Amino acid sequence: DEFYKPKEKCPTFDLKTLPWPSGNIPKPFEARGNADLNDPDSVSWMRVLAEIHKSQLEIEEKLSQTTIKTAPKKSIIIIEGLLLLADHEGASIVRTEIDQYILLDTKRSDQDD
């Protein structure tokens, strides 16, 4: 959530066109606004990339200062987010920093494949 752009700079959607059961927009949704946080343009991808690089430098520094012979030579940075897989220039740039993907999924029933 800390890597979203300010809501006023995010793409929007029309709350009025959604099929609300009462026919009216519920107050919590009205208060939240219509920023579309499921759109990859809502993410500040360069901030994500900068944070990855910052974390990499911090890890390298800590590892270089350790005197423990069994200390790991590498560390893992986990980047979580479905929008990371979006067909978007910013997401694509961030993906260049990724060595491995892990997809967490569950089976909902024996019939799911």
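Predicted model: local features only at pLDDT ≥ 70, side-chain atom pairs only at ≥ 80, totals over all residues.
Q: What average pLDDT does the chain have?

A: pLDDT is the predictor's confidence in each residue, from 0 to 100. The chain averages 88, and 93% of the residues score at least 70. Among the elements of the chain, helix H3 (residues 89–95) has the highest mean pLDDT, 95, and helix H2 (residues 45–65) the lowest, 90.

Q: Is Thr96 buried or exposed?

A: The relative accessible area decides: buried means under 20%, exposed over 50%, and partly exposed in between (1.4 Å probe, protein chains only). Thr96 counts as exposed because its relative accessible area is 61%. Its C-alpha atom is separated by 15 Å from that of Gly81, 15 residues apart along the chain. Ser92, whose place is in helix H3, has a value of 34% and is therefore partly exposed. Between the C-alpha atoms of Ser92 and Ile76 there are 20 Å, the two being 16 residues apart in sequence.

Q: Which residues does Ser42 touch, not counting residues up to four places away in sequence?

A: Contact means heavy atoms within 4.5 Å. With residues up to four places away in sequence not counted, Ser42 touches Phe3, Tyr4, Lys5, Cys10, Pro11, Asp36 and Leu37. Ser42 lies in the loop between helix H1 (27–32) and H2, and it is buried because its relative accessible area is 0%.

Q: Why is Leu85 classed as exposed?

A: Leu85 is classed as exposed because its relative accessible area is 55%. This residue lies in the loop between H2 and H3. Leu85 touches Arg95 and Tyr101, residues up to four places away in sequence not being counted. From Leu85 to Asp105, 20 residues apart along the chain, the C-alpha separation is 16 Å.

Q: Which residues make up the largest nonpolar core?

A: In soluble globular proteins, nonpolar side chains tend to be buried together. A nonpolar core is a set of buried Ala, Val, Leu, Ile, Met, Phe, Trp, Tyr and Cys residues joined through side-chain atoms within 4.5 Å. Here the largest one has 10 residues: Val43, Trp45, Val48, Leu49, Ile52, Leu83, Leu84, Ala91, Val94 and Ile98. H2 and H3 each supply at least two residues of this core, and the largest share, four residues, comes from H2. Val94 touches Trp45, Val48, Leu49, Ile52 and Leu84, not counting residues up to four places away in sequence.

Q: How many residues line the largest pocket?

A: Rolling a probe the size of a water molecule over the atoms shows where empty space is left. On a 1 Å grid over the protein atoms alone, a cavity is a set of points where a 1.4 Å probe fits but cannot get out, and a pocket is an open set with protein on both sides within 12 Å along at least five of seven lines; lining residues have an atom within 4 Å of a point. The largest pocket is lined by 25 residues, and nearest its centre lie Ile77, Ile78, Ile79, Ile98 and Gln100.

Notes
Residues numbered from 1 in each chain as written. Heavy atoms only, no water.
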